[in-house]
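Take a first look at the structure below. A short tour of its residues follows.

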Amino acid sequence: MKTVMIALVRFYRKFISPFTPPSCRYSPTCSQYMLDAIQKHGSVLGILMGVARILRCNPFVEGGFDPVPENFSLRRHPDYRR
């Protein structure tokens, strides 16, 4: 399942993302964040973390550096908040 999820995100990055304007407010991008989260925490928790990150990416947030935390969390890492 992990391999399938990673393949889906890579498909999105290669074939869908180039046709949309760059709009991610965070570094790493939301798709890279999801890849990292899936690799670090498994498919289910990684997808949950990736979806939570996408929901955080809106015009009302400042954005910035937000790496995947070592421990599962749906919130932004407190050390990287501004």
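Start with Ile-54. At 44% relative accessibility, Ile-54 counts as partly exposed. Remember that this is a predicted model. Ile-54 belongs to helix H3. Setting aside neighbours within four places in sequence, Ile-54 touches Cys-30 and Met-34. Pro-22 is 32 residues from Ile-54 along the chain, and their C-alpha atoms are separated by 14 Å.

Helix H3 spans residues 43–56, and Ser-43 lies in it. Is Ser-43 buried or exposed? Ser-43 is buried, with a relative accessible area of 12%. Its contacts, leaving aside neighbours within four places in sequence, are Met-1, Lys-2, Met-5 and Ile-38.

**The core**

In soluble globular proteins, nonpolar side chains tend to be buried together.

Neighbours within four places in sequence aside, Leu-35 is in contact with Ile-6, Val-9, Arg-10 and Arg-13.

Next comes the empty space. Rolling a probe the size of a water molecule over the atoms shows where such space is left. The largest pocket holds about 400 Å³ of space. It is lined by 15 residues, and those closest to its centre are Tyr-12, Ser-17, Cys-24, Cys-30 and Ser-31. Helix H1 (2–16) and helix H2 (30–41) are the elements that give two or more residues to the lining. What kinds of residue form the lining of the largest pocket? The lining divides into 9 nonpolar, 5 polar and 1 charged.

**The cysteines**

Cys-24 and Cys-30 are both among the residues closest to the pocket centre. How many disulfides does the structure hold? The count is 0. Cys-24 is in no disulfide, and its nearest cysteine sulfur, that of Cys-30, is 3.2 Å away. A disulfide needs the two sulfur atoms within 2.5 Å. The two cysteines also have their own accessibility values. Cys-24 is partly exposed, at 32% relative accessible area. Cys-30 is buried, at 14%.

Phe-19 is found in the loop between H1 and strand S1 (26–27). Is Phe-19 buried or exposed? At 71% relative accessibility, Phe-19 counts as exposed, because exposed means over 50%. Ser-73 is 54 residues from Phe-19 along the chain, and their C-alpha atoms are separated by 31 Å.

Pro-28 sits in the loop between S1 and H2. The peptide bond from Ser-27 to Pro-28 is cis, with omega near 0°. Most peptide bonds are trans.

Asp-66 has its place in the segment after strand S2 (64–65). Asp-66 counts as buried, at 0% relative accessibility. Tyr-33 is 33 residues from Asp-66 in sequence, and the two are 8.5 Å apart in space, C-alpha to C-alpha.

Pro-67 also lies in the segment after S2. Pro-67 is buried, with a relative accessible area of 17%, because buried means under 20%. Along the chain, Pro-67 and Thr-29 are 38 residues apart. Their C-alpha atoms are separated by 9.5 Å.

The table gathers the C-alpha pairs.

| Pair | Apart along the chain | C-alpha separation |
|---|---|---|
| Phe-19 and Ser-73 | 54 residues | 31 Å |
| Ile-54 and Pro-22 | 32 residues | 14 Å |
| Pro-67 and Thr-29 | 38 residues | 9.5 Å |
| Asp-66 and Tyr-33 | 33 residues | 8.5 Å |

Key: Residues numbered from 1 in each chain as written. Predicted model: local features only at pLDDT ≥ 70, side-chain atom pairs only at ≥ 80, totals over all residues. Heavy atoms only, no water. Helix = DSSP H or I, 4+ residues; strand = E, 2+ residues; numbered from the N terminus. Buried < 20%, exposed > 50% of the residue type's maximum accessible area, 1.4 Å probe, protein only. Contact = heavy atoms within 4.5 Å. 1 Å grid on protein atoms, 1.4 Å probe; cavity = no way out; pocket = protein on both sides within 12 Å on 5 of 7 lines; lining within 4 Å. Points joined across faces, edges and corners; volume = space filled by probe spheres on them. Nonpolar A, V, L, I, M, F, W, Y, C, P; charged D, E, K, R; others polar.
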